[in-house]
Amino acid sequence: MTGKGWIIAAVLGTFVWLGYTYRTDIGLWGINKAVVLTTNASIERNVAFGEAPWQLLDIYSQPQAAPVVIFIYGGSWSSGKKSEYAFVADAFYRKGYTVVIPDYAKYPDVTYPTFVEDVSAAIAWTFKNIAKDTNQPLYLAAHSAGAHSAALVSSDAGYLQTHDLTPSVITAFAGLAGPYNFTPEDPQYVKTFGKDNFTDMKANTHVSGNEPSTLLLHAKGDEIVAMKNALSFEDALQKENVYVETAFFPESLNHIDMVLQLHPWFENDHQILGAIDQFFTTQTHKHDTNSRTSKL
């Protein structure tokens with residue numbers, strides 16, 4: 001190996017160590033940078049899906065027509081950007097998907113439901129401009145605050161109706177560590193959603209039976225979002241005969257681990273990526289409506 005090669009290897013090794021050891025925002029940054037340097041995906045950046053300056057998305061395209069995954073990142077509805085999640089795009093790309101990651105408006109610049117409307121607009125744009133044109137299924141995956149917004153779009157038909165669509169354009173939804181049914185107590189979250197919206201902001205409120213097949217993944221060691229969010233959303237979906245699966249992961253995993261584990265270098269640790277991929281593949285055709293709980 002040349003001197004330059006050793007330097008690159010050392011840099012990549014440092015990024016991986018940061019990601020694996022700290023498992024925090026700095027870890028997320030580290031493993032993302034490593035993937036940015038090594039991905040083989042063809043990337044089209046900053047494609048507009050709306051008129052607002054922040055309504056931009058990145059597309060990680062397969063060489064040929066392929067199933068499409070939209071990934072909605074988290075960040076407490078106040079932080080994050082699409083460029084920080086190249087490792088998620090690369091993970092799904094390696095599984096054979098074309099991947100779309102949009103940005104969305106955040107608090108304090110906006111409050112609820114603007115960020116949910118942005119997610120809806122990104123889904124509508126992706127369906128009309130990629131999935132529909134290529135006759136490919138459209139899957140939705142999301143983490144934390146992003147999973148909350150994604151669940152609202154999949155359960156409250158009003159969001160996609162604005163774009164002359166219904167939640168049926170989403171073939172299946174996978175939510176990681178989503179606060180689907182929480183009531184804000186932190187002052188920032190109270191301001192983000194507004195007390196008058198504490199019922200409307202819950203995904204459970206809108207479940208009607210027309211939701212896409214859903215996979216809810218949660219870590220038992222998550223101290224940020226309580227597992228009861230997944231359980232209550234599962235229950236609401238079951239009552240309306242929506243096909244739903246839940247996958248609960250060990251206490252050794254925390255809230256951020258649920259997205260870090262999507263990284264291609266960690267995917268064999270707990271098979272989170274594999275579980276989502278398998279679910280998406282099997283849900284391309286409608287299953288009988290019931291619910292299964294898997295302990296991974």
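**A pocket, a helix and a buried glutamate**

Colleague: Which element gives the largest share of the lining of the largest pocket?
Modeller: Two elements each give two or more residues to this lining, α2 (25-36) and α9 (228-239). Helices are DSSP runs of H or I, at least four residues, and strands are runs of E, at least two, numbered from the N terminus. The largest share, six residues, comes from α2.

Colleague: What kind of model is this?
Modeller: Residues are numbered from 1 along each chain as its sequence is written, and side-chain values use heavy atoms, without hydrogens and water. Local features need pLDDT of at least 70, side-chain atom pairs need 80 or more, and totals for chains, interfaces and linings use all residues, as this is a predicted model.

Colleague: How much space lies in the largest pocket?
Modeller: A pocket is an open set of points on a 1 Å grid where a 1.4 Å probe fits, with protein on both sides within 12 Å along at least five of seven lines; lining residues have an atom within 4 Å of a point. Probe spheres set on the points fill the volume. It is about 880 Å³.

Colleague: Which lining residues are closest to its centre?
Modeller: The lining has 39 residues. Closest to the centre are Gly74, Gly75, Ser76, Ser144 and His255.

Colleague: How many residues of α5 are buried?
Modeller: Helix α5 spans residues 145-155 and is mostly covered. Its buried residues (under 20% relative accessible area, 1.4 Å probe, protein chains only) include His148 and Leu152. The count is 11 of 11.

Colleague: Is Glu245 buried or exposed?
Modeller: Glu245 lies in strand β8 (residues 244-249). Its relative accessible area is 12%, so Glu245 is buried.

Conventions
Buried < 20%, exposed > 50% of the residue type's maximum accessible area, 1.4 Å probe, protein only.
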